[in-house]
Amino acid sequence: LWFGDRYIGVQLQHPETGFAGIARAMGAEGVQVSRLEDVGPALRAACNAQREGKTTIVEVMTTRELGDPFRRDAMKLPKRLLPKYQMTNE
């Protein structure tokens with residue numbers, strides 16, 4: 001998704017593999033979690049794999065209600081008040 005020259009998310013063409021599948025395709029470990037009770041064990045497994053030197057992506061699948069916290073007005077650039085940053089205001 002694109003708001004004000006900033007990306008805030010992506011829409012994958014193959015959601016069944018998701019980011020976990022991309023991680024596996026790139027040589028990392030990838031775990032896709034869709035149930036709350038599986039999050040803890042997946043994070044523990046990822047931490048154990050990290051200790052062994054294996055990078056792991058844990059992709060937590062959420063409902064749209066939990067997955068879309070962004071509003072267009074929330075994506076506006078902040079107004080800088082400190083003089084040294086005011087040059088970044090639009």
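1. A salt bridge here is a side-chain nitrogen of Lys or Arg within 4 Å of a carboxyl oxygen of Asp or Glu. Arg35 and Asp38 form one, with their closest N and O atoms 3.0 Å apart. Keep in mind that this is a predicted model, where local features need pLDDT of at least 70, side-chain atom pairs count only at pLDDT 80 or more, and totals for chains, interfaces and linings use all residues. Residues are numbered from 1 along each chain as its sequence is written, and side-chain values use heavy atoms, with hydrogens and water left out.

2. How many salt bridges does a search of the whole structure find? The search gives 3. Arg35 also meets Glu37, side chain to side chain, at 3.4 Å from N to O.

3. Next, exposure. Buried means under 20% relative accessible area, exposed means over 50%, and partly exposed lies in between (1.4 Å probe, protein chains only). Arg35 has a relative accessible area of 46%, so Arg35 is partly exposed. Asp38 is partly exposed too, because its value is 29%.

4. Glu52 and Lys54 also pair up. Their side chains meet in a salt bridge at 3.5 Å, N to O. Glu52 counts as exposed because its relative accessibility is 56%. Lys54 is at 38%, so Lys54 is partly exposed.

5. Which residues make a nonpolar surface patch of about 390 Å²? They are Phe19, Ile22, Met26 and Ile57. Patches are made of residues with over 30% relative accessible area and no salt bridge; like charges are joined within 9 Å, and nonpolar side chains (Val, Leu, Ile, Met, Phe, Trp, Tyr) within 5 Å. The areas come from the Shrake-Rupley method with a 1.4 Å probe; for residues, only the protein chains shown count as cover.

6. Look at Met26 in that patch. Met26 sits in the loop between α1 (18–25) and β3 (29–33). Helices (H or I, at least four residues) and strands (E, at least two) are DSSP runs, numbered from the N terminus. Met26 is exposed, because its relative accessible area is 70%.

7. Is Thr56 buried or exposed? Thr56 is buried, because its relative accessible area is 18%. This residue belongs to strand β4 (residues 56–60). Leaving aside neighbours within four places in sequence, Thr56 is in contact (heavy atoms within 4.5 Å) with Glu29, Val31, Ala46 and Ala49.
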